[in-house]
Amino acid sequence: MNVYSDDNKERLMLARTGHASKAAAQSGYFHARTSVKKWHSLQSELGGINPTLRAILNDRTVTDVFIHGDKELWIDRGKGIEKTDFPFEEDIRTIATRLSAACGKRLDDASPIVDGMLPEGIRVHAILPPLAVGAPIISLRIQQQSPFSLDELLRRKMVTQRMRELLETMIQARLSIFVCGATGSGKTTLLGALLATVAPTQRIICIEEVNELQITHPHVVYLQERQANVQGKGSVSMSELLRAAMRMRPDRIVLGECRGSEVREVLSALNTGHEGSCATVHANTAGDVPARLCALGALAGMDEKAVYAQAGAGIDAVVHVRRQMIGSRLYRWVQEVAIPRYQHGALVITTALRCHHDGSIEHMPAFEQLQEILRERGCHLADPATPDMIKPLDSQNVALSGPRKVSSSYVSPQSTGCTPILRKGVDT
């Protein structure tokens with residue numbers, strides 16, 4: 001079936017704008033004796049997901065799906081990637097083409113790589129041969145149906161009570177934060193939960209390559225990079241979007257992922273009054289962030305000293321999210337909060353607080369430094385032995401729209417072990 005024919009394009013547009021019945025009528029399938037099977041087939045044609053794949057994606061434990069090779073299907077249900085039976089009758093290229101078309105992207109020999117997002121929030125990445133050796137490769141990442149809150153992350157033990165209170169206060173004190181970690185560690189999930197605590201009077205501008213961040217906040221503007229067309233024209237880069245965002249009167253600029261030359265604009269924004277801005281970056285540990293920033297800065301023509309100087313002046317804290325298989329279980333948790341400082345021509349990362357997978361917490365050398373930064377912004381950390389973990393020094397000096405929720409009782413870190421974070425709605 002030619003998904004690019006005029007009739008199919010028209011039906012696809014009708015379905016996307018909520019006129020599924022009209023689209024069905026035009027297809028010739030929808031009449032009094034139409035079977036459920038044909039109706040599902042039509043939905044597959046219009047949405048790019050056939051009924052078999054839909055059944056897999058409807059499993060709320062599934063976070064990632066990979067289709068490749070000689071009819072291989074791999075699924076991640078939050079416990080690591082597992083191979084399963086290949087249930088599709090269609091060839092992989094047909095599946096990839098339909099998914100790409102549903103994303104509004106073109107996938108063919110002239111444009112063999114697609115990175116897009118389905119309307120329902122599933123990220124699609126597809127590569128055709130000869131770039132993909134042997135057979136097309138499809139990678140699907142499924143977002144949770146609704147974004148996690150800090151309360152939800154605490155319940156799922158991605159954060160401990162003390163770490164949650166610390167992170168929330170860092171956001172309210174308008175610290176500029178880089179969240180780092182490996183792929184699939186939960187950087188985007190954590191960042192979305194943190195930004196949900198921003199005062200509703202503040203304007204957040206979020207910039208991403210493909211929209212993945214879900215922020216529960218009344219005033220969020222989302223910008224998305226655009227790739228060049230098959231003629232090599234029409235691209236809009238992250239750097240251009242960042243420059244545009246700085247002219248849109250933002251209170252906070254959020255970069256979904258810093259992975260290229262846009263690091264120059266990010267560091268510029270952090271050093272020109274946009275306090276409380278955030279970004280994520282891939283790094284194995286918080287201590288590896290300087291090397292990562294230096295490599296990205298080189299793509300923008302920045303030398304090492306310039307990157308380190310701007311990062312040291314603009315970034316207030318680095319939060320590292322750990323993903324680790326321990327025994328037979330996959331753990332994801334906020335492992336440390338660190339402070340970056342520019343010293344003697346280098347960017348030095350010093351850990352302030354470290355959390356282990358069993359929930360135990362260590363106060364590290366930079367903890368006093370973190371307390372001092374928060375005091376300068378109008379907040380302070382109470383002694384961990386006291387019931388109230390974190391208290392504002394002066395509610396008038398803190399960027400809040402109302403009284404902040406303060407923990408009424410201290411929860412021992414030893415009582416809150418970290419367990420795997422699953423998609424929302426799934427019992428742990």
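Predicted model: local features only at pLDDT ≥ 70, side-chain atom pairs only at ≥ 80, totals over all residues.

Colleague: With which residue does R77 form a salt bridge?

Modeller: Side chains of opposite charge can pair when their charged atoms come close. In this model R77 pairs with E82, and their closest N and O atoms are 3.9 Å apart. E82 is partly exposed as well, because its relative accessibility is 40%.

Colleague: How many salt bridges does the structure hold?

Modeller: The structure holds 21 salt bridges. Among them is the one between R106 and D108, where the closest N and O atoms lie 2.4 Å apart. R106 has 41% relative accessibility and therefore counts as partly exposed. Another joins the side chains of R249 and D251, at 3.0 Å from N to O. Here R249 is exposed at 58% relative accessibility, whereas D251 is buried at 14%. Salt bridges with shared partners also link D59, R77 and E82 into one network.

Colleague: How many disulfides are there?

Modeller: A disulfide is a covalent bond between the sulfur atoms of two cysteines. The count for this model is zero. As for individual cysteines, C258 is buried, with 0% relative accessibility, and C294 is buried at 17%.

Colleague: Why is strand β8 described as largely enclosed by the rest of the structure?

Modeller: Five of the five residues of β8, which spans residues 204–208, are buried, and so the strand is largely enclosed. Both of its faces are covered: I204, C206 and E208 are buried on one side, and I205 and I207 on the other.

Colleague: Which strands pair with β8?

Modeller: Strand β10 (residues 252–255) runs parallel to β8 and is joined to it by four bridges. Within this pairing, I204 has R252 as its bridge partner. Strand β9 (residues 220–224) also pairs with β8 in the parallel sense, over five bridges, and L223 of β9 stands opposite I207.

Colleague: Finally, which residues of helix α12 are buried?

Modeller: An α-helix has 3.6 residues a turn, so residues three or four places apart point the same way. In α12, which covers residues 304–314, the buried residues are V307, Y308, A311, G312 and G314. They pack against helices α10 (263–270) and α11 (289–299) and strands β13 (329–343) and β14 (346–355).

Conventions:
Residues numbered from 1 in each chain as written. Heavy atoms only, no water. Buried < 20%, exposed > 50% of the residue type's maximum accessible area, 1.4 Å probe, protein only. Helix = DSSP H or I, 4+ residues; strand = E, 2+ residues; numbered from the N terminus. Contact = heavy atoms within 4.5 Å. Disulfide = S-S within 2.5 Å. Pairing = 2+ DSSP bridges. Salt bridge = Lys/Arg side-chain N within 4 Å of Asp/Glu carboxyl O.
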